[in-house]
Amino acid sequence: MEEKIFFEKIVVKENIKNVFEEYVAQKTDNLTEEKKVKVPEGLDNIDYILFQKKLPHQIDMIYKRIRRGNYFFYPLREIEISKDPQLNIEEAKKLGKTRVLSIATIRDVLTQKMLYDFLSPITEREFTKLPYVSFAYRKNVNAQKAAQKVYNDLNEGYIYALDADLKGFFDNIPHDKLYDQIKIFFNDMPKIQKLLYRFIHVDKGYKRKNKNKVIRVKRNEGIPQGGIISGMLANIYLHQFDCWVMSTLKSKHNIRYTRYADDFVILAKSEKDIIKVKDECEKYLNSIKLTLHPDPEKTKISKVNCKRGINFVGFTISNRHISIKQSNVLKFKKRIENILNTTDFSKKRSLELLKLRMSYKYFGNDYKKNKCKNCGEFEKSRNWMRFFLIITDYNQLNTLDNWVYKSINYYYFQATGKRLPKNSLKKFDFPSLEKLYYEYRKQLKKETTSCKCTSMNQDLYATEDPYKELFNIYP
């Protein structure tokens with residue numbers, strides 16, 4: 001019955017058109033005069049402009065192929081990218097910090113979106129049977145909630161931690177076992193099963209065999225990273241592990257469990273229990289063809305206390321504080337240093353310019369106060385501090401603020417040979433992470449609304465123009 005509803009209600013030509021327009025709107029930078037559209041091009045070499053020109057034909061092709069059951073996903077364009085945005089690809093390769101991003105054709109992106117919209121309520125019915133367990137690739141849960149869950153568990157005395165990561169998870173999921181789980185989740189839905197089977201077996205692109213022959217690169221295991229369906233399939237495959245932990249493992253040991261994608265934390269009240277838990281997890285994961293990461297920095301057992309926490313989803317969590325993970329602090333510092341390195345302090349009004357540039361980094365889209373013409377509400381703010389707003393270690397922010405002020409003084413002295421007058425930065429009202437933290441925390445207590453329009457209906461404009469101010473400083 002549900003599958004019939006899918007074909008009648010979801011895969012209709014009007015909806016395919018709406019999904020395309022929404023996708024283009026999401027990829028459009030509405031705050032620039034050019035309104036540049038950043039829709040990636042797949043291996044078929046059809047960009048969004050050509051796709052749009054032939055939209056009726058493309059819609060008709062998607063519609064008919066899905067209805068007839070002969071829809072096949074096009075080979076993917078795979079590119080290797082750095083896991084660390086601060087490293088270029090060559091540096092990342094040397095350090096082994098790269099991953100392969102799979103870029104689908106536009107028509108496949110639209111098909112994935114329709115599949116996701118239909119399948120998400122079905123998968124959620126299963127996932128919600130295990131509340132507060134899985135926090136990635138789902139609506140209404142996120143990394144912050146996962147971190148808070150671990151923090152609460154630690155404060156209830158579960159201080160022995162197995163902090164684990166799965167080695168090459170997306171690249172090594174066995175197709176046969178994943179398909180078994182797909183059949184369990186989507187029982188009596190053969191057409192959906194067939195589409196997902198084709199998705200997980202989609203080719204990895206092309207390679208040249210010789211001068212005259214090009215062949216497809218088969219995908220024998222793993223699932224492509226980057227598509228909306230991939231995260232859902234990851235949760236489907238690991239749901240069996242979640243169920244085993246919360247039933248079999250929990251019946252033998254007093255534990256708490258939190259998973260975010262292929263990273264998970266299991267907490268116990270005794271060291272003896274957590275050692276046994278690690279051994280049993282290793283055996284079960286091996287049985288479903290997955291492996292705990294052998295790197296002791298990625299999979300380890302530790303006792304958590306006020307001085308020693310665990311790193312999880314971008315945070316360092318102890319039974320005393322949630323703080324920002326040190327690697328994220330270093331990334332923030334590097335961004336600030338890049339600004340300071342490219343500021344000409346010999347200019348008369350360099351400090352005003354510096355304030356504007358740094359404010360943009362601190363406040364994100366909040367700095368322009370983007371408002372929607374359609375609903376009249378401001379855009380939901382997104383910035384670095386908003387992401388880390390759940391931290392409880394505000395002294396860390398004070399330390400970061402002091403580092404920023406000292407760095408400005410250092411770069412200013414190196415460029416001019418002069419020292420900044422005391423309190424000169426306060427005079428210019430330089431942004432402060434600590435002040436921003438308290439301001440945002442106060443906002444949480446107030447009832448505030450923001451623009452909830454879809455990307456297609458959202459019409460944003462900047463109520464403040466910091467760029468204009470920049471040009472006024474330097475005509």
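Colleague: Start with H6. How many of its 22 residues are buried?
Modeller: Keep in mind that this is a predicted model. In H6, 16 of the 22 residues are buried, which leaves the helix mostly covered.

Colleague: Where does H6 run, and what should its 22 residues span?
Modeller: H6 covers residues 106-127. At 1.5 Å a residue it should span 32 Å, and its end C-alpha atoms are 29 Å apart, so the two values agree.

Colleague: Where in H6 is the kink?
Modeller: The kink is at leucine 119, shortly before proline 121, and comes to about 40°.

Colleague: Now the cavities. How many are there of 30 Å³ or more?
Modeller: The count is three.

Colleague: Which residues line the largest cavity?
Modeller: The lining is made of Tyr116, Ser120, Thr123, Glu124, Phe127, Tyr137, Arg138, Lys139, Met232 and Asn235. By class, that lining has four nonpolar, three polar and three charged residues.

Colleague: Which element gives the largest share of that cavity's lining?
Modeller: H6 does, with five residues. Helix H11 (228-252) also supplies at least two residues of the lining of the largest cavity.

Colleague: And what lines the second largest cavity?
Modeller: Phe127, Leu130, Val133, Ser134, Arg138, His239, Asp242 and Arg259. The lining of this second cavity divides into three nonpolar, two polar and three charged residues.

Colleague: On to the pockets. What volume does the largest pocket have?
Modeller: About 2100 Å³ of space lies in the largest pocket. Its lining has 49 residues, with Lys83, Asp165, Asp263, Lys298 and Lys325 nearest the centre.

Colleague: Which element contributes the largest share of the lining there?
Modeller: Helix H13 contributes the largest share of the lining of the largest pocket, five residues. Other elements supply at least two residues each, including strand S2 (98-103), strand S3 (160-165) and H11.

Colleague: How does the lining of the largest pocket split by class?
Modeller: It has 18 nonpolar, 14 polar and 17 charged residues.

Colleague: What about the second largest pocket, how much space lies in it?
Modeller: About 1300 Å³. This second pocket is lined by 34 residues, and closest to its centre are Lys380, Ser381, Arg382, Arg386 and Ser450.

Colleague: Which elements give two or more residues to the lining of the second largest pocket?
Modeller: Those are helix H7 (143-155), H15 and helix H18 (433-444). H18 has the largest share of that lining, five residues.

Colleague: And its classes: how many nonpolar, polar and charged residues does that lining have?
Modeller: The lining of the second largest pocket has nine nonpolar, twelve polar and 13 charged residues.

Colleague: Last one, glutamate 379. Where is its place?
Modeller: Glutamate 379 is in the loop between strand S12 (370-372) and helix H15 (384-387).

Colleague: Is glutamate 379 buried or exposed?
Modeller: Glutamate 379 has a relative accessible area of 14%. Buried means under 20%, so glutamate 379 counts as buried.

Colleague: Which side chain does glutamate 379 make a polar contact with?
Modeller: The side chain of arginine 382, at 3.2 Å. Arg382 is also one of the residues closest to the centre of the second largest pocket.

How values were computed: Residues are numbered from 1 along each chain as its sequence is written. This is a predicted model: local features need pLDDT of at least 70, side-chain atom pairs count only at pLDDT 80 or more; totals for chains, interfaces and linings use all residues. Side-chain values use heavy atoms; hydrogens and water are left out. Helices (H or I, at least four residues) and strands (E, at least two) are DSSP runs, numbered from the N terminus. The expected span of a helix is 1.5 Å times one less than its number of residues. The bend at a residue is the angle between axes fitted to the seven residues ending there and the seven starting there. Buried means under 20% relative accessible area, exposed over 50%, partly exposed in between (1.4 Å probe, protein chains only). On a 1 Å grid over the protein atoms alone, a cavity is a set of points where a 1.4 Å probe fits but cannot get out, and a pocket is an open set with protein on both sides within 12 Å along at least five of seven lines; lining residues have an atom within 4 Å of a point. Grid points are joined across faces, edges and corners, and a volume is the space filled by probe spheres set on the points. Ala, Val, Leu, Ile, Met, Phe, Trp, Tyr, Cys and Pro count as nonpolar, Asp, Glu, Lys and Arg as charged, and the others, Gly among them, as polar. A polar contact is a pair of N or O atoms within 3.5 Å; within protein, one must be able to donate a hydrogen and the other to accept it, and residues adjacent in sequence count only if both atoms are side-chain atoms.
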